[in-house]
Amino acid sequence: FAPCGNECFVVMLVYFDRIAHINPSFRVTSHNIHRMVITCIMVASKILSDRYFTNSHYAQVGGVPVGELNLLELDLIKMLKFDMFVKPEYIFFYYVQVLKHY
């Protein structure tokens, strides 16, 4: 429904770590995890790929109103202090860590 490479999921984990480091009071809960995942994957896809789906497509796939997803995207970018790029060596490091624990 919203194909993206494994690197999108790895970058999502990097974003989670960055947010935890930047804003330790922020908690991922059962109430916000769904929206965090769809938003992080959408932003990662935009950063990593020249071709990506529209926000309305991700909203439909994620079952979130597009207006809300637009705001979530902006909130995420602000939480990351506009630092969405992840160096390839970090992607590889996180990927290896996931494989070690899989």
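**Core**

I began with the largest nonpolar core, which holds 26 residues, and found that Tyr15, Cys40 and Leu69 touch the most other members. I note here that I am working from a predicted model. I then looked up which elements give two or more residues to this core, and they are H1, helix H2 (33-48), H3, H4 and H5. The largest share comes from H1, with 8 residues.

**Cys40 and helix H2**

I next asked which residues Cys40 touches once those up to four places away in sequence are not counted. They are Met12, Tyr15, Phe16 and Leu76. In H2 I listed Met36, Ile38, Thr39, Cys40, Ile41, Met42, Val43, Ala44 and Ser45 as buried, and the buried residues of this helix pack against H1, H3 and H4. I also checked the length of H2: at 1.5 Å a residue its 16 residues should span 22 Å, and because its end C-alpha atoms are 22 Å apart, the two values agree.

**H1 against H5**

I turned to helix H1 (residues 6-22) and helix H5 (residues 88-100), which pack at an angle of about 95° with their axes 9 Å apart. Angles of 65 to 115 degrees count as roughly perpendicular, so H1 is roughly perpendicular to H5. From H1 the contact draws on Glu7, Val10, Val11, Leu13, Val14 and Asp17, and from H5 on Ile91, Tyr94, Tyr95 and Val98. By class, I recorded 8 nonpolar residues, no polar ones and 2 charged ones in this contact.

**Arg18**

Leaving aside neighbours within four places in sequence, I found Arg18 in contact with Leu80, Asp83, Met84, Phe85 and Val86.

**H3 against H4**

Last, I examined helix H3 (residues 55-62) and helix H4 (residues 66-79), whose axes come within 9 Å and cross at roughly 110°. That angle makes H3 roughly perpendicular to H4. The contact is formed by Asn55, Ser56, Tyr58 and Ala59 on the H3 side and by Val66, Leu69, Asn70 and Glu73 on the H4 side. I sorted the residues of this contact into 4 nonpolar, 3 polar and 1 charged. Leu69, which belongs to this contact, is also one of the residues that touch the most other members of the largest nonpolar core.

Key
Residues are numbered from 1 along each chain as its sequence is written. This is a predicted model: local features need pLDDT of at least 70, side-chain atom pairs count only at pLDDT 80 or more; totals for chains, interfaces and linings use all residues. Side-chain values use heavy atoms; hydrogens and water are left out. Axes are lines fitted to C-alpha atoms, for helices over the stretch in contact, and angles run from 0 to 180 degrees between N-to-C directions. Helices (H or I, at least four residues) and strands (E, at least two) are DSSP runs, numbered from the N terminus. Angles under 35 degrees count as roughly parallel, over 145 as roughly antiparallel, 65 to 115 as roughly perpendicular and the rest as oblique. Contact means heavy atoms within 4.5 Å. Ala, Val, Leu, Ile, Met, Phe, Trp, Tyr, Cys and Pro count as nonpolar, Asp, Glu, Lys and Arg as charged, and the others, Gly among them, as polar. A nonpolar core is a set of buried Ala, Val, Leu, Ile, Met, Phe, Trp, Tyr and Cys residues joined through side-chain atoms within 4.5 Å. Buried means under 20% relative accessible area, exposed over 50%, partly exposed in between (1.4 Å probe, protein chains only). The expected span of a helix is 1.5 Å times one less than its number of residues.
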